[in-house]
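Work through the exercises below with the sequence and the 3D structure open beside you. Try each task before you read its solution.

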Amino acid sequence: MIKSSKIDHRISNQTRLLKKFIYNSSGLSLVFGLICMFVLRIDGVVPTVFFGFSILNLLNLVHFNTYGKLALSAVVSATLSFIGASAITLLSGGINSPFIFVLIIIVLGGYVSARLFGKIYLISTVVAILIIYGLSEAGIYKSINAVPEASRDLFGLLSLLFSVYMLGGVFGRDILKAHQTMSDSKGKIENRILEKERLLRTVHHRVKNNLQTVSSLLNLQAKNSTNETIKDLVMSSQNRVNAMAMIHEMLYLRDNLSKIEFKSYIKELSEYLIKSTHKENKNVVINIDIPDLRLGIDTAIPLGLLINEAVTNSLKYGFVENIKGKIDIKLEKDDSNKTYHLSISDNGVGFPRDIELRTSTSLGLKLIHNLARQLKGSVKRDLSKKGTSYNVRFREITAPYLSDKELRSS
């Protein structure tokens, strides 16, 4: 709908400019032809070209009003202008004729109408000027200058006035109006973008606050329970909620509202997981090897939750008592096929080889498998390494574009 409106607006502007050009150029040509005959005493071909251009251009306008073929009428009008201006230039002094400036206006008119027309007119005008220069240098047109010697200064003045009026009165005003319209549109678009940014920041801020409220409720629930199993399940859920809340907080605080700096996010998430576990796990070091890259929220949330599950499992079950250990998180991007490779490994005690992520009864392991599928990827255990090691391959998830109408209806 928006694209169609822009096309209609552009066609309307081109139609208005074409009619304005035809009316002005035809009227001025008619007046110029009469001045040539009765004031400048120029007979023969020159006034005939002016009258012929005026009549043919007006007929072109009638054809356009009847059939509405904008492109055809624009080409015909430009062709008539080019032929007429070239003929008058050749008959009024060649390269020294002041009417040669009208050819420049034709180039400007072409670019105002369409870029392709402008290029065609530019090449044609350059070729025409070179031909006129060559003929003038050869002396061919010196003997057939139709403008009498006594009238040449006045003819030059009128030619310059003709050019100035067409340049400023027709195209200049249109260019100024188009520039003003673009400036107004740019201002409106910038205001809409700022408004949407403020709204989006507010949404991220409120989502983060709501998730933190949920986290606080889970924390209270865990404290009020005497069942250690329930406490453990509630704390795991709290970690998952906080992992999502961190993403919305980073989006709210950063300049980019659609993507987050993933390395900073994983560092913050790792520090939180270390602090939220039991004291005996404080001897575990998390090494992060992630390049400086930004990931969209549709990728960052499931990937962050996957890392949260893997790290939480390692901290809870991989290291016993005061054992010192490490967890390595490494993320690499393969630019050739636009995929990512994530490896998460620890040097803890590990878990049995025969346990499958997909069929495991552990919620954490099932989540790792399902989150990898959500990322359009896969996860495998590396049984050749000590402890627990996961290799995840995935692609960045791109959210589909929604138009304003779809956003309002959703």
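Contact means that heavy atoms lie within 4.5 Å, and helices (H or I, at least four residues) and strands (E, at least two) are DSSP runs, numbered from the N terminus. The model is predicted, with local features needing pLDDT of at least 70 and side-chain atom pairs counting only at pLDDT 80 or more, while totals for chains, interfaces and linings use all residues. Residues are numbered from 1 along each chain as its sequence is written, and side-chain values use heavy atoms, with hydrogens and water left out.

**Exercise 1.** Find which residues of α8 are buried, and what covers them.

*Solution.* Begin with the helix itself: α8 runs over residues 262-276 and reaches 21 Å from its first C-alpha to its last, close to the 21 Å expected at 1.5 Å a residue, where the expected span is 1.5 Å times one less than the number of residues.
Next, apply the cut-offs, by which buried means under 20% relative accessible area, exposed over 50%, and partly exposed in between (1.4 Å probe, protein chains only). The buried residues of α8 are then Phe262, Tyr265, Ile266, Leu269, Ser270, Leu273 and Ile274. Seen down the axis of α8, these buried residues fall within an arc of 165°, so they line one face of the helix; the arc is that of the directions from the helix axis to the C-beta atoms. Glu271 and Lys275, on the other side of α8, are exposed.
Finally, the cover over the buried residues of α8 includes α7 (228-253), α9 (297-318) and the strands β1 (259-261), β2 (284-289), β3 (294-296) and β4 (325-334).

**Exercise 2.** Decide whether Ile42 is buried or exposed, and list its contacts.

*Solution.* Locate Ile42 in the loop between α1 (2-38) and α2 (45-67). With a relative accessible area of 0%, Ile42 is buried. Leaving aside neighbours within four places in sequence, Ile42 is in contact with Cys36, Met37, Pro47, Ala146, Val147, Pro148 and Phe155. Ile42 and Phe155 are 113 residues apart in sequence, yet 9.9 Å apart in space, C-alpha to C-alpha.
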